[in-house]
Amino acid sequence: MKRTLRILRNIVLIAFATIALVFGALCYILYAHEDEIADELIAVFNEGQEGQLTYRSVELSPFRAFPYISIDIKGVRFDADKHTADDHAIYAFEDVYVGFDVFDLLRGEYTIRKLVISGGPLFLEKYEDGSYNLMRAKMRADDEEEEGSTHLDLRSVVLRDITLHEVNHGGEGNELVMDITKATAYLSYLGDTLRMGLESDLFLQHYTSGSTSWFRELPFGLKCDLSIVEDMVTILPSSLVLDAGNLDLEGTLDLDDDLMLDLNVGGRKKNFDVFISFAPPEVLAKLKEFKNEGDIMFRGRIAGPIDRQSPLID
């Protein structure tokens, strides 16, 4: 019996030692090539573009993109122009964790499976012609596919502590400021179809249109299940999560037709809390002084192009 226990113990120890050696070897491979990987990623990204991507440093951070082994590219910054960098970058993130699959590394492949982007601002400007500053800066001089030893095949993207500031210079002029506390997208591929699951924890600081402030200090979340085929996004049964309850969402978004949206919104509630939760904090405090009860069923539809004008809300 003792001999059997010793054999089992030795097998377990050997297994753990083997795993530790393999993990250590993989970490060493990443450590030895981390600067090379980061430099190649930045070079491929910048090739033929108007904008300029830079980074401050890179270090091994094996567990931050778990279950993948990762490196941490610090101080990632993207400016709209390669020749003139100012204090107003399109985005500037403290950390970008790049995750690699263990089995890819064993085969000598550097395929990026996961990105974790943490800490910093994202500034988007929409011009009167409908284009964005980010897309203008990322325009390539040619359509040639870049080659290198590092490839992209994402399965997950995570955003943490990102502040989104969007300004629309067309129409009446809209402005949105929103904190992305955490947003996680899970990706899977089946033929030409991309399936995406999205879970997010958000805080809308304010949304204004012209001189009118529509929403302020609104915490909410999104739980979405999307199916994407070419330019058509199908919004499968999803929900908008509010403090007072959830709203059911389902519909389509055509990316090739002025962002043509056809979204059905519905739900069933015991009171009006879910509606008044959209009100500004000072108005919400007053409304909560009144009691409201009942069995409320509602359905709505948001339809029309959202790229250059406001859609119809029914």
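**Surface charge and aromatic contacts in the predicted model**

At 73% relative accessibility, E230 counts as exposed (exposed, over 50% relative accessible area; buried, under 20%; partly exposed, in between; 1.4 Å probe, protein chains only). This residue, E230, lies in the loop that runs between β9 (212-229) and β10 (232-242), strands being DSSP runs of E of at least two residues, numbered from the N terminus. Together with D192, D231 and D256, E230 forms a patch of negative charge on the surface. Patches comprise residues with over 30% relative accessible area and no salt bridge, like charges being joined within 9 Å; a salt bridge places a side-chain nitrogen of Lys or Arg within 4 Å of a carboxyl oxygen of Asp or Glu.

The model is predicted, with pLDDT of at least 70 required for local features and 80 or more for side-chain atom pairs, whereas totals for chains, interfaces and linings use all residues. Residues are numbered from 1 along each chain as its sequence is written, and side-chain values use heavy atoms, without hydrogens or water.

A search of the whole structure identified 2 aromatic pairs (ring centres within 6.5 Å; planes under 30 degrees apart are stacked, over 60 edge-to-face, the rest tilted). F78 is buried at 0% relative accessibility, and Y91 is buried at 11%. The rings of Y91 and F93 are also stacked, because their centres are 4.9 Å apart and their planes meet at 10°. F93, like Y91, is buried.

Key. Rings of Phe, Tyr and Trp (its six-membered ring) pair if their centres lie within 6.5 Å; planes under 30 degrees apart count as stacked, over 60 as edge-to-face and the rest as tilted. Patches are made of residues with over 30% relative accessible area and no salt bridge: like charges are joined within 9 Å, nonpolar side chains (Val, Leu, Ile, Met, Phe, Trp, Tyr) within 5 Å. Accessible areas come from the Shrake-Rupley method with a 1.4 Å probe; for residues, only the protein chains shown count as cover. Lys and Arg count as positive and Asp and Glu as negative; His and the chain ends are not counted. The place of a charge is taken as NZ of Lys, CZ of Arg, CG of Asp or CD of Glu. Helices (H or I, at least four residues) and strands (E, at least two) are DSSP runs, numbered from the N terminus.
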